[in-house]
Amino acid sequence: MTSRPDIPIHDRGGNSISTPIEVPGISRLAPYQQGKHAISGVAHPIKLSSNESAHGPSPAALAAYRSAAGQLHRYPDGSQSDLRQAIGAALGLDPDRIICGNGSDEMILLMIRAYLKAGDQVILSENNFEMAKIHAIAQGGDVRIASERDDRVDVRALLGCVTSKSKLCIVANPNNPTGTYITGRELRSLQAELPTGCLLVIDGAYAEYVDRPDYDDGASLVDECSNVVMTRTFSKIHGLASLRIGWAYCPPNVVDAVQRIRTPFNANGPALAAAAAAIRDRVHLEKVRKHNIAWLQRIADALPRMGLGMVPSVANFYLVCFPPDQDKNATEAAAHMMRRGIIPRPAGASDKCLRLTVGLDQENEAALAALADYMLSQ
Ligand SMILES: Cc1ncc(COP(=O)(O)O)c(C=O)c1O
C-alpha cells in the first residue's frame, strides 16, 4: 500500500491551498506493477514475466494490422461488427451479445462501472487479476476477498462472502498467478447459489490454453443466465497484447447497460482488424496451444527433479515453489535468472514462489537450466 504523498500545495503567492480530493480508497491503492520487461545491458532478454505469447500473432493478423495502417485517419467501426461476427463464427456465439474493448481489463472495468455503486461489495478470490480490485476501489466499492484452498478458487469461500450488498463476483478461470482452474460443475454451483442480483464475471484470459474435459469457459452459462458475463482477451494465446483488445460475452441486459457507457471507439481500428484475422486462424491457435500443453508437462516433470514444487497449471504460465524448509527463495532465484538474461515474475507475499511464462523451446530450456543451477548453488 502506498500512502498519499503529503505534498503541500501553494498558490502563486505562496499561500497553502486546498486540492481536489480523490475518491475514498484511491490513496491506499498501489499502482499496478507490470512485469519487468528489460535487463540493463541485455539486448534480448528472455521475457517470461507477463504471460504473453512468445509465438507472436498469426501471420494473418499481422497482415491485417499492416493493411489497417492505410486507414489511420478514419475512426474505427464503433459497432465493432466485423470482430464480433468473427468471434461469433469461430466460437459459436451470438455476435449481438459480444462487446469488444481495450483489453479484457477494460471489459472488467465496464462491468464494475455499470453495476457497482459506492458502498456495494465486490467479491474476489485471494489470487485474482489485480486490476479488478483497483477498478472496484476506484468506484468506491468494498472489496471482499475469499481465501483459496490448495491454490484453487474456493467456491464455498466465495459464497461465504455474499451479503445483500454483493453486486459483483469476479473469478479468473484459470486463475493468475496460480494457473489452476475450477470445473464447469463448480462454476455452475457458484452461479446457482449467488443472488441473481449479483453479476458473476468469469475472466477467461487463459481459457484457450486449458486442456481438461471438466473445464467450461462459461459461455453456456452466459446464454442461460442474466447475471453471468465471460471476458476474454487477444493478449495471450492470440499474441496481440500490445494492441490492447479484448471482449465480453454478455446476456442482453448487460449488453444494453454496457453499451450506454462504453466510449464509442474503445477498440482501435488496427486492433479490431488484427483480432478478427487472429480468431479466424485456428491453425495458429492450435499450434500455440499444443506447444503450451507439451511444455507444461515437461516442466512439471523437470521441477521436482530439482527439488522444486509447481502448482498444477492449465494456463501459459507456472508457479515455481521453493521448499519451505530450505533457505532458497524467489528473490534470489529471480536475481540468478536475471543475471542469465531471463525475466521471471515474483509472486505472492511469501518469497517462496516465482511465476514464469511458458516460452519458446530454448527459452523454457534456459529457464529450467537457470533454476536447476540456482538450486545447486551454495
Ligand atoms: C487473469 C487475467 N485477467 C485479465 C487480464 C487482462 O488482460 P488484457 O487486459 O490484456 O486483456 C490479465 C492480464 O494479465 C490476466 O492475467
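Guide: The protein is divided into domain 1 (33-55 + 283-376) and domain 2 (59-280), with bounds that come from an automatic or database domain assignment. This is a predicted model, in which local features need pLDDT of at least 70 and side-chain atom pairs count only at pLDDT 80 or more, while totals for chains, interfaces and linings use all residues. Residues are numbered from 1 along each chain as its sequence is written.

The sheet you ask about is an open one of four strands in the order E9-E10-E13-E12, and its pairing is antiparallel. Strands (E, at least two residues) and helices (H or I, at least four residues) are DSSP runs numbered from the N terminus, and two strands pair if DSSP finds at least two bridges between them. At the edges stand strand E9 (309-310) and strand E12 (345-346), each of which has a single partner strand, so one side of each is left without a neighbour in the sheet.

Strand E10 (317-321) is joined by five bridges to strand E13 (residues 353-357), and the two run antiparallel; within this pairing, Tyr318 stands opposite Leu356 in E13. Helix H11 (residues 330-339) packs on the sheet, where it touches E12 and E13, and its direction makes about 35° with that of E13. Contact here requires that the C-beta atoms of two residues, placed from the backbone, lie within 7 Å, and the axes are lines fitted to C-alpha atoms, for helices over the stretch in contact, with angles that run from 0 to 180 degrees between N-to-C directions.

E10 also pairs with E9 in the antiparallel sense, over two bridges, and Gly309 has Cys321 in E10 as its bridge partner. E9 and E10 form a hairpin, with six residues between them. E10 is mostly covered, since four of its five residues are buried; a residue is buried if 20 or more other C-beta atoms lie within 10 Å of its own, exposed if 12 or fewer do, and partly exposed in between, with C-beta atoms placed from the backbone.

E10 also has a part in the contact between the domains, as it and helix H10 (282-305) each supply at least two residues of the side of domain 1 that touches domain 2. H10 gives the most to that side, with five residues. By class, the side of domain 1 that touches domain 2 has eleven nonpolar, six polar and three charged residues, where Ala, Val, Leu, Ile, Met, Phe, Trp, Tyr, Cys and Pro count as nonpolar, Asp, Glu, Lys and Arg as charged, and the others, Gly among them, as polar. The contact takes 20 residues from domain 1 and 17 residues from domain 2, and 26 Å separate the centres of the two domains, taken over C-alpha atoms.

The protein also has an open sheet of seven strands, in the order E2-E8-E7-E6-E5-E3-E4, with mixed pairing.
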